[in-house]
Amino acid sequence: MSAHTDPYARTEEATHVTPSTEFDDERKTKVKAQLDEVLDPCSCMSDHPISILDLGLVESIAVDGRDVEVTLLLTSQRCTYFLDINDEVRERVESLDEVDGCEVHQDTSGQIWTNDRMSTEEREARRQRFHDQMDAAGVTPYAERSD
């Protein structure tokens with residue numbers, strides 16, 4: 001890797017729904033806005049709340065008539081907060097006038113969540129918080145090489 005290569009730069013187009021994803025369907029755009037209000041429970045416990053959209057958990061949004069299906073790829077297949085996230089997603093999406101019902105599914109394709117799914121802004125903020133905490137503790141996060 002060259003000295004000028006950004007190891008955190010994305011090299012592929014995102015295949016999931018991101019904050020910058022644009023839809024031709026106005027309903028999907030409104031659903032996406034509602035999903036941006038749903039906070040990841042684990043991030044709330046760390047005092048740095050991140051929306052499920054910024055965290056990269058929203059795999060897809062499908063609209064069929066007045067029904068919506070949201071598929072999430074969770075950070076862990078064993079996420080104990082899925083039911084809480086499910087309830088909030090359904091409540092927010094079903095509050096839209098254009099929606100009669102919403103189903104939330106967990107992606108079971110075997111795909112694994114990685115932090116490259118996070119929005120660039122949140123990933124950079126997370127890295128900065130990490131470095132700030134290490135600086136405050138007087139710790140270097142990396143082992144130094146000896147010659």
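Colleague: In which segment is the place of Thr15, and is Thr15 buried or exposed?
Modeller: This is a predicted model, and I read it as such. Thr15 has its place in the segment before helix H1 (26-35). Its relative accessible area is 63%, and because the cut-off for that class is over 50%, Thr15 is exposed.

Colleague: How many Å apart in space are Thr15 and Arg117, C-alpha to C-alpha?
Modeller: In sequence, Thr15 and Arg117 are 102 residues apart. In space, the C-alpha to C-alpha distance between Thr15 and Arg117 is 9.1 Å.

Colleague: Within what arc do the buried residues of H1 fall, seen down its axis?
Modeller: The buried residues of H1 are Val31, Lys32, Gln34 and Leu35. Seen down the axis of H1, these residues line one face of the helix, because they fall within an arc of 160°.

Colleague: In which sense do S2 and strand S3 pair, and what is the handedness of the crossover from S2 through helix H3 to S3?
Modeller: S2 and strand S3 (residues 101-106) pair in the parallel sense over 6 bridges, with Leu72 standing opposite Gln106 in S3. The chain crosses from S2 through helix H3 (residues 82-94) to S3, and this β-α-β crossover is right-handed.

Notes: Residues numbered from 1 in each chain as written. Predicted model: local features only at pLDDT ≥ 70, side-chain atom pairs only at ≥ 80, totals over all residues. Heavy atoms only, no water. Pairing = 2+ DSSP bridges. Helix = DSSP H or I, 4+ residues; strand = E, 2+ residues; numbered from the N terminus. Right-handed = clockwise from strand over helix to strand, strands pointing away. Buried < 20%, exposed > 50% of the residue type's maximum accessible area, 1.4 Å probe, protein only. Arc of directions from axis to C-beta.
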